[in-house]
Amino acid sequence: MVPQKFEYAAPDSLKSVLQLLDAGAKPLAGGMSLIPMMKLRLAAPEQLVDLQKVKELSYIRESGNAIHIGAMTTHYEVETFPVLLRKCPLLAETAAEIGDLQVRNRGTIGGSVAHADPSADYPAALQALEAKLVLIGAQKERTVSAAEFFVDAFTTVLEPGEIVREVIVPAEELGTGTRYEKVVQPASGFAIVGVAVRVRRSAGKISFVRVGITGLSNHSYRATSAEATLAGTTGAAADVQNAAALVAEGIDANSDLHASANYRKHLASVHAARAITTAISRAS
Amino acid sequence: MKITCTINGKTYSNDVETRLLLIHYLREVAQLTGSHVGCETSLCGACTVEVNGKAVKSCTMFAVQADGAKITTIEGLASNGTLHPLQEAFWNEHGLQCGFCTPGMIMASKQILERYPNPTEDEIRHGLAGNVCRCTGYQHIVNALKAAAAGARK
C-alpha cells in the first residue's frame, strides 16, 4: 500500500502551520486515520503539514472550572494525566478505550475530533461534557460547542485552512459520577455504540444528567429526552430503564455488517442503562 | 527528503520519498528485517517498534516523521548476545509458535511493563489489544509478560 506522492513540511510554530494550511496543505496530527486513508488512496493530499513539532498545541491546563487540552495531546496523555483523572475522569476513561496502546501513543484529541468518524469514542464524552472546541485558521479564531461541531459522518464545521486548536472540558463538581460504556468492534477498536454519562444527585434525586451517544448514527449527539426522563427521579432501576429506552428515540441508526440498525438501537439502550447505573453508583 | 535518525544506537542518514512508510524504511533501507509487515493496515501490530520511547505501529507512520527520532526495534533489545528479559520469558513460557507476531508482541510488551511493572492480567490483555497472534497463543504470551515482570522484581 503506497500513498500518492506528496510534499511534506513539519514546522515547529503554529503560525507557520496556519500559513501552509491557508495555502492549501492538509494537516497531519497523529495520523492514525489520515495515514490509513492515504494508504488506501481514499485521501490523496498533495501537501501535508505535520503538526507533531508544534509544542504550543500540546498541553493540558486547568483554568478556573475548565480544563484546556491542546489539539496535539495524545490519547495516552489524556488517559493518564492526573488533573483529568481527578477532575474530568469521563474523558480519561474514554481515552483509555480508544483503539489500542500503539494508537493511543500517537493519536491526538484534535485529530480525532476533526476527523469526526461516526464511531469514534471522544464525541460521546464531548457531547456529555458540553465541551467547547477552539478552532483557528490564518484569519480568525472561533469557539464552537461540541453540539455544533459535529455535523455529519466525517463532517464538522471546520472550514478549509482551519484546525482544532484546543478542546475545553469542565472540571467536574465534586460528587459528579461519570461512565463511558462501549461496544467495541474488535477488529478496528471503534465503537459500534458508545455511551457517555454524567450524573449528580441532590437530596436523593438525580439533579443533573448528561448522556452522549456515538456510533449509533452519522454523528454523535446528546440524548436529551433520556436526560429529561431521568432528571428528578431517585435513579432507581426502573427510572434508569425508562430513560435508557429513549436514547435512540428519533434517530436514523446506522446499519452495517457488524450491527443492523435495530440491533444498534437495542445495544444503545442496554449500554445506556449500564452506563447510567455505574455513573449513579459513582455519584455521591 | 533527507532524514537522520538513530536506530538501536546507530545513526542512519538517508534520502527518502516522503510517502515511504517507516516499516519499509526500517526493513528495506536500514536492512533491519526483524520488524514484520503483517496486515499493513495498523490492525495487527507485527510492525510495532519504539519511537522516542513510545510503542508505535511503524506501518502507520511515514519515515520522514521519524526525522531526528530515536528508534528501537526488536534487533536492539539483546545486548552482547544476552537476550532481553522479555525475549527470555517468551522463550521459556512458549510465548510463540510461528513467531511472526513476536517482534511486535515483544515491543508492545516492553511498553506495558514500563507502564505497569507489576501488571494485572487485565492490564496485559488491554495493552496487547493491538497485537494479533494467529497461532492462538495469547495465554502463553500473557504468561510470558507475567514471568518477565516477576523476573524483574526478583
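A salt bridge is a side-chain nitrogen of Lys or Arg within 4 Å of a carboxyl oxygen of Asp or Glu. In this predicted model, local features need pLDDT of at least 70, side-chain atom pairs count only at pLDDT 80 or more, and totals for chains, interfaces and linings use all residues. Residues are numbered from 1 along each chain as its sequence is written, chains are lettered from A in the order in which they are written, and side-chain values use heavy atoms, with hydrogens and water left out.

**Salt bridges**

- Over all chains, the structure holds 23 salt bridges.
- One of them joins Glu162(A) to Arg142(A), with the closest N and O atoms 2.8 Å apart.
- Glu162(A) sits in the loop between strand 9 (155-156) and strand 10 (163-170) of chain A, and Arg142(A) sits in strand 7 (residues 141-145) of chain A, so the pair ties together parts that are 20 residues apart in sequence.
- Helices (H or I, at least four residues) and strands (E, at least two) are DSSP runs, numbered from the N terminus.

**Chain A with chain B**

- The contact (heavy atoms within 4.5 Å) takes 29 residues from chain A and 30 residues from chain B.
- About 2600 Å² is buried between chain A and chain B, and carbon and sulfur atoms give 57% of that area.
- Buried area is the accessible area (1.4 Å probe) that two parts lose on being put together, summed over both.
- Within chain A, Tyr8(A), Leu101(A) and Gln102(A) lose the most area to chain B, together 24% of what that side buries.
- The count between chain A and chain B is one salt bridge.
- Asp100(A) and Lys57(B) meet through their side chains in a salt bridge, at 2.7 Å from N to O.

**Helix packing in chain A**

- Helix 11 (residues 237-244) of chain A and helix 12 (residues 261-282) of chain A have axes that come within 8 Å and cross at roughly 135°.
- Axes are lines fitted to C-alpha atoms, for helices over the stretch in contact, and angles run from 0 to 180 degrees between N-to-C directions.
- Helix 11 of chain A and helix 12 of chain A are therefore oblique to each other.
- Angles under 35 degrees count as roughly parallel, over 145 as roughly antiparallel, 65 to 115 as roughly perpendicular and the rest as oblique.
- Val240(A), Gln241(A) and Ala244(A) of helix 11 of chain A make the contact with residues of helix 12 of chain A, including Ser269(A), Ala272(A) and Ile276(A).

**Helix packing in chain B**

- Helix 2 (residues 85-92) of chain B packs on helix 5 (residues 138-153) of chain B at an angle of about 135°, with their axes 8 Å apart.
- That makes helix 2 of chain B oblique to helix 5 of chain B.
- Pro85(B), Leu86(B), Ala89(B) and Phe90(B) in helix 2 of chain B meet residues of helix 5 of chain B, among them Ile141(B) and Leu145(B).
- Helix 3 (residues 102-115) of chain B and helix 5 of chain B have axes that come within 11 Å and cross at roughly 45°.
- Met105(B), Ser109(B), Ile112(B) and Leu113(B) of helix 3 of chain B make the contact with residues of helix 5 of chain B, including Tyr138(B), Ile141(B) and Leu145(B).
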